[in-house]
Each structure stands twice: as C-alpha cells, then as structure tokens.
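Hi,

Here is the structure I promised to pass on.

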Amino acid sequence: MALIPYGKQHLSEQDYAAVLEVLKSDYLTQGPQVPAFEAAVAELTGAAHAVAVNSATSALHLACLALGLGPGDRLWTSPITFVASANCGRYCGAEVDFVDIDPNTRNLCPQQLAKKLAQAAATQSLPKVLVVVHMAGASAPMAEIAALTKRYQVAIIEDASHAMGASYQEAAVGGCQFSDISVFSFHPVKVVTAGEAGVATTQNATLAKALRQLRSHGITRDAEDSHAVLPPWGYEQHALGMNYRLSDIHAALGRSQLTQLRSFIARRFALAERYHQALADLPVKRPVLDPESAWHLYLIELEHADTRRAVFEAMRAQGIGVNVHYIPVHTQPYYQALGFQHGDFPLAEQYYAGALTLPLYPDLTEQQQDTVIAALQKAIEDA
Ligand SMILES: *Cc1c(COP(=O)(O)O)cnc(C)c1O
C-alpha cells in the first residue's frame, strides 16, 4: 500500500451525516435522494436533464443505446482513455475504432479526426457515435470537433468522467453545447465521489427519457407513454433495459460532495501550479496549465521514455503511488484480438511510452508534494 497514493477521496463530517440520514430514512433506493442529486448535477452543468446511474460505465452504455448504436454501426474514441470509453460501443455490438491524440493535450486530435472522417466518408464507413474524452479533466476542443462532425451527422458523447467542475470556453462541461450527451463518474478516485455512480446529462428531452427508461428495465409507469390504459398496478416494458439504478445512499453522498466541488478543484489547481513550477528544470514534459480543467490527474512525460520503468519502480519503492494513464486501449489483448496492432496510433503510443501520473488530490500536503518532487528528481538522476 502506497503511503502517498496517486488519488484519493476527501470525505467530511457533512458527507457522513448525509449518508447516515438516508440509512435512517424510509428509502434506501428509488427515494428522494436520486432526483435531488440529478437536480444538483443539472444545475452545476447547465444541462436540462441529468440521469443518475450506478457507474459512468453504465451511463456510457445507456448513452450509446439511447443514440441507437447497434450492430453494423461504428463508435470512435481516443486510444488514451480508460477502456470503458470504447467498451460501451462493443456492448451494443458496434465496431470500435480510434482517433489519435494531440500530444500536447492528450485529447483526441481535431486534425486527425478531420482526416479520418474524410476517409470514412469516401468509403461509407462513418461512425454513428464519437466518444470525446476530457483527459485528466481538461476539455477537448469541442467547438472544433463538433464543427467537423456536423456535416457527417455523427452523434457526440462527452466522456467527462474526469471533468466534473471543469469548464470550456467559460461554460460548464456537461452543458452539452457541442454534444448530445455528457457522462460523469463519481468513482472515489475522480474529482468528487458517490462511492460508485455515473450521471448522464443532456439538453434533449427524448434522449433523457430513453436514458431513464433503459436504466430501469426499459419499463415505464407513465400513463402518457403507455400503449394501453394502465390499471393502478400497471407498468409496461418498452425496451430491453437494465438495472443500472443508483441507490439513495450513493446519491446522498454524491450530492453532499458536489457542494464541496469548487474547493476540491481550487486545491487541485493550486497543487498543479506548484508541480508546474517545481518541475520546470527537470527533463519532463509538463501538462498544459489549463485553468478551466478539473485537474483529476497530473500527467507528465519523461523526456527519456526508456527510463520510465526505473523511475516508476524507484518511486513506488518509496511508497509514492505514481501511476500511468493510460495503456493505449487498442493495445489491450481484447482489442488486439479484434485486429488492432501496436503502431496503429503512434502519437498515443509515443505519449504512453514516457507517461507518468504524479499524486494529486485535495488532501495531499505541500510537504508530501515536496517529497514526491524530490523523489522524482532523484529517480530521474539515478535512472
Ligand atoms: C473512470 C472512468 C470511466 C468509468 O467510470 P466508472 O464510474 O468507474 O464506471 C470511464 N471513462 C473514463 C475516462 C474514466 O476515467
């Protein structure tokens, strides 16, 4: 167990009290906490609709289903992401492909996207859905991306799992100004937590309705939606949905955490600025100091990629929980078995070769951060 992990939740008395209150109430699930949590996310993001589920992975799956993704369709995403951004396409039976990254931001690259869309248009192999990941909490260039996809009628899902509280062009991420659906994660390592949870936001009432129905077995109890006049005990199943519901226990924690979001991000940004200054003279590439980022992760790249393993092991040996985000998805055995090969997305692979994630979380003290920085410096010298 690392003494200094790469990420960690911050919980307070307020959070404990919020959870305890639910445990003492009548509803552990399907009570008032889930809609209250959804309302808080809608307000924060400016989205008209927010639908809470039990994970961001579930939210990505439902988002794909709501957009009609199925066998014979294609989903594109970035190779530098968690596997869930791609797997959601596979759940629906769609083919998955990737768009290489911008090495500066590690987000999907608009130029690469433009090129790939033009090729796909020529061969009638355009994607139905593009999943845009906001890597480390900094928004991808959504206006550019949406301008490129518009003429091809590609639906956009923002995988904003890292980006709760981030903004883009001064508007909150999740407002879906340039996308159909945005998805947030509340896993404990993310910016705010609910234990486990995901939320999908959208401005589109039809999509919101589909998301809600699919999260609970594809069932409706709404008289307006029903084919027949329902008896008082009645419900109708209209689609093959899941049980992806969130409990009220989780929702209450998520809601309480959201009230602390601004202070969490302010602290993360202050620590990111400290790293930025302290690492200026080391042979590492630092992340862009984006003030609109939620600063989920602090990602560096070692200039000498061949020393990454030695640096990683030296820091882990001292109890510093460095990590690597991410192993390019197309190099995973599952995706290799589908035909992808090493070398398919060279910019992603080049980034990955030297990538290292340094600890960043609100409770990281400046003293601990100085320990991390000194250990990194020494590990690089020794490597
Ligand atoms: C964490 C994460 C997910 C999955 O989130 P869960 O809530 O754990 O399902 C999806 N995409 C990205 C980019 C993530 O970092």
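This is a predicted model: local features need pLDDT of at least 70, side-chain atom pairs count only at pLDDT 80 or more; totals for chains, interfaces and linings use all residues.

Helix 2 (residues 33-45) packs against helix 8 (residues 248-258) at an angle of about 30°, and their axes are 8 Å apart. Angles under 35 degrees count as roughly parallel, so helix 2 is roughly parallel to helix 8. The crossing of these two, helix 2 over helix 8, is left-handed. If you want to find the contact on screen, helix 2 brings Q33, V34, A36, F37, A40, V41 and L44 to it, while helix 8 supplies D248, A251, A252, G254, R255 and L258. Sorted by class, that contact between helix 2 and helix 8 has nine nonpolar, two polar and two charged residues.

Now for another pair. Helix 3 (residues 56-66) and helix 7 (residues 205-215) pack at about 125°, with 9 Å between their axes. That angle makes helix 3 oblique to helix 7. Here the crossing of helix 3 and helix 7 is right-handed. On the helix 3 side the contact residues are L62, A63, L65 and A66, and on the helix 7 side they are L207, A210, L211, L214 and R215. By class, the contact of helix 3 with helix 7 comes out at eight nonpolar residues, no polar ones and one charged.

C92 has 8% relative accessibility, so C92 counts as buried. C176 is in no disulfide either: its nearest cysteine sulfur, again that of C64, is 14 Å away. C176 also counts as buried, because its relative accessibility is 8%, and the cut-off for buried is under 20%.

One last stop is helix 12 (residues 346-354). Which of its residues are buried? They are A348, E349, Y351 and G354, so you will see that a glutamate is on that list, given the cut-off of under 20%. As for what covers the buried residues of helix 12, the elements include strand 13 (298-302), helix 10 (308-317) and strand 14 (355-358).

Cheers

Terms used:
Residues are numbered from 1 along each chain as its sequence is written. Side-chain values use heavy atoms; hydrogens and water are left out. Axes are lines fitted to C-alpha atoms, for helices over the stretch in contact, and angles run from 0 to 180 degrees between N-to-C directions. Helices (H or I, at least four residues) and strands (E, at least two) are DSSP runs, numbered from the N terminus. Angles under 35 degrees count as roughly parallel, over 145 as roughly antiparallel, 65 to 115 as roughly perpendicular and the rest as oblique. A crossing is left-handed if the near helix is turned anticlockwise from the far one by less than a right angle, and right-handed if clockwise. Contact means heavy atoms within 4.5 Å. Ala, Val, Leu, Ile, Met, Phe, Trp, Tyr, Cys and Pro count as nonpolar, Asp, Glu, Lys and Arg as charged, and the others, Gly among them, as polar. Buried means under 20% relative accessible area, exposed over 50%, partly exposed in between (1.4 Å probe, protein chains only). A disulfide is a pair of cysteine sulfur atoms within 2.5 Å.
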